[in-house]
Structure formats: structure tokens, C-alpha cells
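The exercises below are meant to be worked through with the sequence and the 3D view side by side. Try each task before reading the solution that follows.

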Amino acid sequence: MMSTTITSGRIEIYGSRAACDQERVSRTMPEILSGRITSGDWDVLCDNFDEALKTSAGIKKLTYAWNAIVPLAFILFVLFGFLGFASSDADENEFRWSSIF
């Protein structure tokens, strides 16, 4: 009978999608690493991963800010474009700003 050999493992990263939440590494050691790394070394490795993931929180905040800024900039661009077009037409047809609002 052949024995089963584990050839891969998975390290879980958890955290929510909220901008302020930090992602962390699960402390559960994959089975493939059992007997190959001590639990103390595993904790050090997880701590190093957690430190590396701290930068992802800043990038996540920047991404959420960018996703809010781009639509706002587009709306302002369209609004000022419309107002500029309307004011250039005002010279020819005696346009009144009160008719827009």
C-alpha cells in the first residue's frame, strides 16, 4: 500500500475588506511544514508576514480614496464643462444663470 505524501501547503491570510482593517496571517501551521520547522520559527515567520502586510493597509486606504476621488473629479469636470459652455452661449443669447438653477 502506498503512503500519501503532502506536496503543498496553504498559509491563510485573513482580514476584512474595510480600509481600516489590517490583514494578518493565520497562526495555523500547514501540515507540510510539521517536523520541518519549529513552532517558534513558525511564529517568527508569521510575525514577519504580519509586518509585511502592514504596508498593504496603507495601499488599501489609498485605493479607497482614489476610488472616491476619480468619480468626484469626473463629475466636477462635466459640471464645469457644462457651465463653461453655457456661459459662452450666454454672450450671444443673453443667458441668465438663474435659469440653470
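**Exercise 1.** In which helix does Leu72 lie?

*Solution.* The model is a predicted one, and in it Leu72 belongs to helix H1, which covers residues 39-93. As a further step, look at the surface around this residue, where Leu72, Leu76, Leu79 and Phe80 make up a nonpolar patch whose accessible area comes to about 400 Å² together.

**Exercise 2.** Locate Arg10 and decide whether this residue is buried or exposed.

*Solution.* Next, take its relative accessibility, which is 62%; since exposed means over 50%, Arg10 counts as exposed. Finally, compare sequence with space: Arg10 and Thr28 are 18 residues apart along the chain, and their C-alpha atoms are separated by 9.7 Å.

**Exercise 3.** How many salt bridges does the structure hold, and which residues does Arg27 pair with?

*Solution.* There are three salt bridges in the structure, and the general idea behind them is that side chains of opposite charge can pair when their charged atoms come close.

- Step one: Arg27 forms a salt bridge with Asp47, with the closest N and O atoms 3.0 Å apart. Because Arg27 lies in the loop between strand E2 (24-25) and H1, while Asp47 lies in helix H1, this pair ties together parts that are 20 residues apart in sequence.
- Step two: the side chain of Arg27 also meets that of Asp50 in a salt bridge, at 2.6 Å from N to O. Here too distant parts of the chain are linked, with Arg27 in the loop between E2 and H1 and Asp50 in helix H1, 23 residues apart.
- Step three: consider how accessible these residues are. Arg27 is partly exposed at a relative accessible area of 32%, and Asp47 is partly exposed at 41%, whereas Asp50, with 5%, is buried, since buried means under 20% relative accessible area.

**Exercise 4.** Where do Lys54 and Glu51 lie, and how many residues apart are they?

*Solution.* Both Lys54 and Glu51 are in helix H1, and they are three residues apart, which is about one turn of the helix. Their side chains meet in a salt bridge of 2.9 Å, taken from N to O. With a relative accessibility of 42%, Lys54 counts as partly exposed, and Glu51, at 48%, is likewise partly exposed. To finish, return to the bridges with shared partners, which join Arg27, Asp47 and Asp50 into one network.

Methods
Residues are numbered from 1 along each chain as its sequence is written. This is a predicted model: local features need pLDDT of at least 70, side-chain atom pairs count only at pLDDT 80 or more; totals for chains, interfaces and linings use all residues. Side-chain values use heavy atoms; hydrogens and water are left out. Patches are made of residues with over 30% relative accessible area and no salt bridge: like charges are joined within 9 Å, nonpolar side chains (Val, Leu, Ile, Met, Phe, Trp, Tyr) within 5 Å. Accessible areas come from the Shrake-Rupley method with a 1.4 Å probe; for residues, only the protein chains shown count as cover. A salt bridge is a side-chain nitrogen of Lys or Arg within 4 Å of a carboxyl oxygen of Asp or Glu. Helices (H or I, at least four residues) and strands (E, at least two) are DSSP runs, numbered from the N terminus. Buried means under 20% relative accessible area, exposed over 50%, partly exposed in between (1.4 Å probe, protein chains only).
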